[in-house]
Amino acid sequence: MTKIRKLQVTFDCAQPERVARFWCEVLGYVAPQPPEGFATWDDYNLSLPPEDRDAWFACSDPSGVGPRLYFQRVPEGKVAKNRVHLDVRAGLGLVGPERLATLEAERDRLVALGAVCQRVMVADEENESCIVMQDIEGNEFCLD
């Protein structure tokens with residue numbers, strides 16, 4: 001039998017803590033406590049050489065069920081569509097107008113946090129509604 005392994009999703013970004021805190025709000029995740037010996041993350045970052053400050057941040061599901069999200073600073077900006085994206089399952093189990101209304105309410109909440117709505121895909125004969133979004137650094141994700 002194959003051993004089940006923990007999954008971590010890693011984001012390349014310009015501002016790791018900012019993006020991580022956005023995703024904490026989206027998913028109900030929590031940021032870790034500052035490293036031992038530091039009262040805050042700012043204190044920790046100030047202890048590092050300038051080039052190492054704010055190089056990474058992480059967040060996790062407080063229930064321990066969902067994957068850890070890790071955000072690492074990279075020098076280059078995003079230039080193309082993501083090949084992997086997150087689906088935020090806001091409408092799980094819902095269909096038709098009830099599903100679309102739930103997705104639109106979640107879209108509005110996330111737009112207020114800085115997300116961008118790319119397009120609303122309304123249900124057709126084959127697929128239920130979903131909404132294509134971008135996070136605060138332009139990474140695509142879907143509300144479905």
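Biologist: Let's start with the strands: in what sense do β2 and strand β3 pair, and over how many bridges?

Modeller: Strands of a sheet pair through backbone hydrogen bonds, either parallel or antiparallel. Here β2 and β3 (residues 68-73) pair in the antiparallel sense, over four bridges. I call two strands paired if DSSP finds at least two bridges between them. Strands are DSSP runs of E with at least two residues, helices are runs of H or I with at least four, and both are numbered from the N terminus. As one example, Cys59 stands opposite Leu69 in β3.

A quick word on provenance: this is a predicted model, where local features need pLDDT of at least 70 and side-chain atom pairs count only at pLDDT 80 or more, while totals for chains, interfaces and linings use all residues. Residues are numbered from 1 along each chain as its sequence is written, and side-chain values use heavy atoms, with hydrogens and water left out.

Biologist: In what order do the three strands of that open sheet stand?

Modeller: The order is β1-β3-β2, with mixed pairing. β1 (8-13) and β2 (56-59) are the edges; each has a single partner strand, so one side of each lacks a neighbour in the sheet. On average, neighbouring strands are turned by 20° against each other, direction ignored. Helix α1 (residues 16-27) packs on this sheet and touches β1, β2 and β3, and its direction makes about 155° with that of β3. Contact means heavy atoms within 4.5 Å; axes are lines fitted to C-alpha atoms, for helices over the stretch in contact, with angles from 0 to 180 degrees between N-to-C directions.

Biologist: And what is the strand order in the four-strand sheet?

Modeller: That open sheet runs β4-β7-β6-β5, again with mixed pairing. β4 (86-88) and β5 (116-121) are its edge strands, each pairing on one side only. Its twist averages 25° from one strand to the next. Inside it, β6 and β7 are antiparallel over four bridges, and Ile131 has Leu143 in β7 as its bridge partner. Helix α3 lies across β5, β6 and β7, at about 10° to β6.

Biologist: Which residues touch the most other members of the largest nonpolar core?

Modeller: In soluble globular proteins, nonpolar side chains tend to be buried together. A nonpolar core here is a set of buried Ala, Val, Leu, Ile, Met, Phe, Trp, Tyr and Cys residues joined through side-chain atoms within 4.5 Å. Buried is under 20% relative accessible area, exposed over 50%, partly exposed in between (1.4 Å probe, protein chains only). The largest core has 25 residues, and the members touching the most others are Trp23, Leu69, Phe71, Leu110, Met133, Phe141 and Leu143. Elements giving it two or more residues include α3 (96-112), β6 (130-134) and β7 (140-143), but α1 gives the most, with six. Beyond neighbours within four places in sequence, Leu143 is in contact with residues including Val88, Leu103, Leu110 and Met133.

Biologist: Is Asp144 buried or exposed?

Modeller: Asp144 is buried, at 15% relative accessibility. It sits in the segment after β7. Leaving aside neighbours within four places in sequence, its contacts include Arg89, Arg99 and Cys130.
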